[in-house]
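Open the structure in your viewer and keep the selection tool ready.

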Amino acid sequence: MNAVLAQEYNDRKAGLIRRLGPFAGLILVVLVFAVLSGAPERYLSLGNLRVVLAQTVIVATGAIGMTMIIISAGIDLSVGSSVALTSVVTALALRSSWDPAAAVLAGLFAGGLIGAMNGVVITSLRVVPFIATLGMLGVARGAAKWLAGEQTVNPPQTWINQLAVTFPPRSWMLVAPGVWLTIALAVLISLVLTRTVFGRHLFALGSNERAARACGIATNRLKIIIYASAGLFFGLAGVLQMSRLRQGDPTVAVGVELDVIAAVVIGGGSLSGGEGSILGSMIGALMMAFLRNGCQQAGWHNYVQEIIIGAIIVFAVALDRWRHSRA
Amino acid sequence: MAPLLKLQNIHKRFGPTVALAGVDLNVDHGEVHAIIGENGAGKSTLMNIISGVTSPDGGEIRIDESPFCPAGPLDARAAGIAYIHQELLLCPHLTVAENILLGTESANAGWLRRDAMRTRAGELLESFGRADISPESRVDALPLASQQIVEICRALAWRPKLILMDEPTSSLERGNIERLFAAIRRLKASGVAIIYISHFLEEVREIADRFTVLRDGISVQGGDLTSVSDDQLIEAMVGRSVEIIFEHQRSGAREEILLSVRDLSSPPMLQTASFDLHRGEVLGIAGLVGSGRTSLVRALFGLERPVRGEIRVSRSVRSPTVREGKAVADAGASGTPHERIMQGIGFVSEDRKNEGLALPLTLADNITLTRFELCATAGWISQSRQDEQAKQCMQKLKVRAFGPAAKVSSLSGGNQQKVALGRLLHQDPDILLLDEPTRGIDVGSKADLYAEISRLAESGKGIIMVSSYLPELFGICDRIAVMNRGRLSEARPVNDWTPPKVMEAAIATHESLVRGPQN
């Protein structure tokens, strides 16, 4: 029996180290840039934290959905286009004087619908996720431009515009309401992934699809549900995008899917499936936001940021491979 | 009492290939029924039909008298049929408990009840006498044999009334096999029926009551196991009498040393190994599964990096790919597989699915893969030369396939194994490392492989053969060394050994551990 206990202790220890790895990376990035910016008290201030969090909220909501997809061994390249389309849909609904809540629901529904379509194409037409969502990247972007008449949609001001502002409407909130919403959703989905049958089936699907099917899991239905619910999060990201820009812009968020995927991968997600966590993805998103912000504070050129973030993605994954090979 | 499962005149074809051409089968409640047959005889197709993976073209299936035509594996499972696959179907990232209860989790409105799952999985493991496997461990951290236990426990978790077991013992050693047999006897006593597929006739006799022999997709013979001899069974399987399987002439070993290994260590599995391999010799490596035998051959081939020790390949060993006069630098103990191949060493992995073969490629590509040079000019592959060379290998090893353009994934397990060895014949190395080359292979194919291995030794090759099957080690090897918990014994002539002595050497000093609890 002692062997069992020792084995469990080692498993727990390994799990803890795996989870703490991205945390250490985030702290390192923050500390390094606090020094490099030349004004650590400003870089670490609540004011700057508000800026960083408001900047990262769109990538972070997208990363919640993408984490589910990547754990299930899928991929979604249509996130940027979905964000544009749903921001246009929300703005159009507001302009047609819908209730703001109904407009938000319309944006979420549009995102969920795109995800469900991705899921159906992947399962019933048996197109691999990379290609199916690459196609959707074009379709959704085109649909956004068509709906918006190839120009930005300017809706009336509502409470939606306060969701992702840098300074929260009430000072006791400390950060924007959208940030709290994202944190709450991250906690919820994290629990769903680890504590529910649905979550474990999602991991099983990504770990070994044939085994999942042999165990009686309806894998096709599960995939459609995964892409559709991830789509809801991309829809929410679109609403937040509309909130920040105060308009629906069909040309916005080009390439956001790559930031979202990078956040998941930096946080320990594996593109071959079965691995990843919401906490890790959130840390990945924050790490990139702190990096961008730090580079700006240090007065570096944009291209420096791009090079550093690119290198960090590769380094994070290389570190993960190295840890695996030692385990 | 009416039979639990009754199959009548089942037919199935895949394109031009006839897989089943008339199979009758009756399985009673509480019976262990063995299905015996050569590779490609249709055993796996039959199991797939019973478990709902594929549907038959003709014939009738009845379960407890009522017709049964499952639309998929779920229907078969609902009807109480569980299938333990020969190849493991586990989710490596999930825990033992999550794997065992996959699809039948304990939950409350969708939220998992972890304690209940842990208890249920723990009970199943304990009923198997393997309480030492923690339900909370990740499956990819377990050794292969324990993973197989998890796979078996998963089938039991559904409380089925019929269990299909396809070669369940292929990666288990004796202690675990006995636990499996004890579990089968308990299930049988509670009225569960088991269809048991195995190539080991000893095992079949030990556990099964009745048998059905399949040959070329037809059920040719059936009855009580007590009423037939091994020779009769083998004759029914191959359709001819196989008189002598092991006929290796032990005169080949010469003085010249091809490979010299000293104190080789590759933790955690391999602690120390020292031996010499002579020209014309077959050196057998016996031992339990997981004792470090695989680690030894992998380290020799450069797939694992040894931390200590010496591997010296004789200067006289030459890969045919090396052009005249171009010497190969001594790679020392840490050569890469590429360097080992250049030195004239070839390797057949025990893990043919992941390491042995490129399943989506054709037979011809697989056979010529390590030595494309032989069928290419200035980097351009000549299709006709490649097909010609592949055909030669196929004939030599009697591979059953429609031609060199067949995809390896479409072949049966035994024929795939022949292709893996065929790649080595084509490479034509001086030293051959064979890890369980006959695992999961029927008697007829085994005889073909033994003949080929003997011929290779006669022609002056040196062969290291890892095997769990003692009769074949005794039949074919010149010398045998035994691996025990990572330590390789001295290699001694086969006449100095007896099967009990080998077993003793394999389990010595931790005998009590191996016997373990046997409720």
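How many of the 17 residues of α4(A) are buried? The count is 15, leaving this helix mostly covered. Buried means that 20 or more other C-beta atoms, placed from the backbone, lie within 10 Å of the residue's own; 12 or fewer means exposed, and in between is partly exposed.

A word on the model. It is predicted: local features need pLDDT of at least 70, side-chain atom pairs count only at pLDDT 80 or more, and totals for chains, interfaces and linings use all residues. Residues are numbered from 1 along each chain as its sequence is written, while chains are lettered from A and ligands numbered from 1 in the order written.

**Stop one: the helix.** Select residues 79-95 of chain A. That is α4(A). Now click A:S97, just after the helix: its phi is positive, about 50 degrees.

**Stop two: the contact.** Show both chains. Chain A brings 23 residues and chain B 22. (Contact means C-beta atoms, placed from the backbone, within 7 Å.) On chain B's side, α2(B) gives the largest share, 3 residues.

**Stop three: a strand.** Select residues 32-37 of chain B, strand β3. All 6 of its 6 residues are buried, so the rest of the structure largely encloses it. B:V32, B:A34 and B:I36 cover one side; B:H33, B:I35 and B:G37 lie on the other.

Note on methods: Helix = DSSP H or I, 4+ residues; strand = E, 2+ residues; numbered from the N terminus. Expected span 1.5 Å × (residues − 1). Contact = placed C-beta atoms within 7 Å.
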